[in-house]
Amino acid sequence: MKETPLSNCERRFLLRAIEEKKRLDGRQTYDYRNIRISFGTDYGCCIVELGKTRVLGQVSCELVSPKLNRATEGILFFNLELSQMAAPAFEPGRQSDLLVKLNRLLERCLRNSKCIDTESLCVVAGEKVWQIRVDLHLLNHDGNIIDAASIAAIVALCHFRRPDVSVQGEEVTLYTPEERDPVPLSIHHMPICVSFAFFQQGTYLLVDPNEREERVMDGLLVIAMNKHREICTIQSSGFQMQ
């Protein structure tokens, strides 16, 4: 990604403000930006706003054959896209290192933590299972993409309803919403990512960094937790913690 570098004056100003425990948007060190969630007309569609960072989440489903080694489990798939609409620095059609890292972190946070009961997505063992696809689109980038994306993903999954099905012998019948009420997903817990940005070799840290703070940080620590105080995943990047 190509982005306009900060001037030395801007960088010094930001770091000096952080040393004095001040932030450009008036927040305190551990303050999170306001979160606003709005829902679309379709099940599984939502927009999450974390300050000025905006992410659109959309869940869809289809009946597919299961994986050979998981014949009784449905499939959960995540796809985050960074478009130039969100920030000019994002290059279209290119898998950047940032995008790969964000997608892997989302998968570890939501799929590997078993927040969705994938066995409940099985229709016919070894033959038909539901594949749940979560598409996330970054609409505006003002820092902390992963937290906004993780919130959008779990909210969209909670809001989503799949079509009801019945099985008689080898025949699978799929019902429209008019024939039978759609079925919500079975969700065990709701992991949410919280990001901590480190500065000056870990001397100072901030919660929920905005875009400018991210550009002068030394490292980032992302912790995904649920309401049961269980750590679902943890990842650090940048500086090496002592």
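**Entry 1. Basis.** I worked from a predicted model.

**Entry 2. The S2–S3 hairpin.** I looked up strand S2, residues 45–50, and found that it pairs with strand S3, residues 53–64, in the antiparallel sense over six bridges. The two strands form a hairpin with two residues between them. I noted that glycine 51, in the turn, has a positive phi of about 65°.

**Entry 3. S3 and S6.** I then followed S3 to strand S6, residues 128–140; these pair in the antiparallel sense over eleven bridges. Here valine 55 stands opposite leucine 138 in S6.

**Entry 4. The four-stranded sheet.** I traced an open sheet in the order S12-S11-S13-S14, with antiparallel pairing. Its edge strands are S12 (204–207) and S14 (231–238), each of which pairs on one side only. From one strand to the next, the twist averages 20°. Within this sheet I checked S11 (residues 192–199) against S13 (residues 219–225) and counted seven bridges, in the antiparallel sense. Cysteine 193 has alanine 224 in S13 as its bridge partner.

**Entry 5. The helix on the sheet.** I found helix H3, residues 145–159, packed on the sheet, where it touches S11 and S13. The direction of H3 makes about 180° with that of S11.

**Entry 6. Aromatic rings.** How many aromatic pairs does the structure hold? I found zero. I did record a charge over a ring: the charged end of arginine 180 sits over the ring of tyrosine 175, 4.0 Å from its centre.

Terms used: Residues numbered from 1 in each chain as written. Predicted model: local features only at pLDDT ≥ 70, side-chain atom pairs only at ≥ 80, totals over all residues. Heavy atoms only, no water. Phe/Tyr/Trp six-rings, centres within 6.5 Å; stacked < 30°, edge-to-face > 60°. Lys NZ or Arg CZ within 6 Å of the ring centre and 35° of its normal. Pairing = 2+ DSSP bridges. Axes fitted to C-alpha atoms, helices over the stretch in contact; angles between N-to-C directions. Contact = heavy atoms within 4.5 Å.
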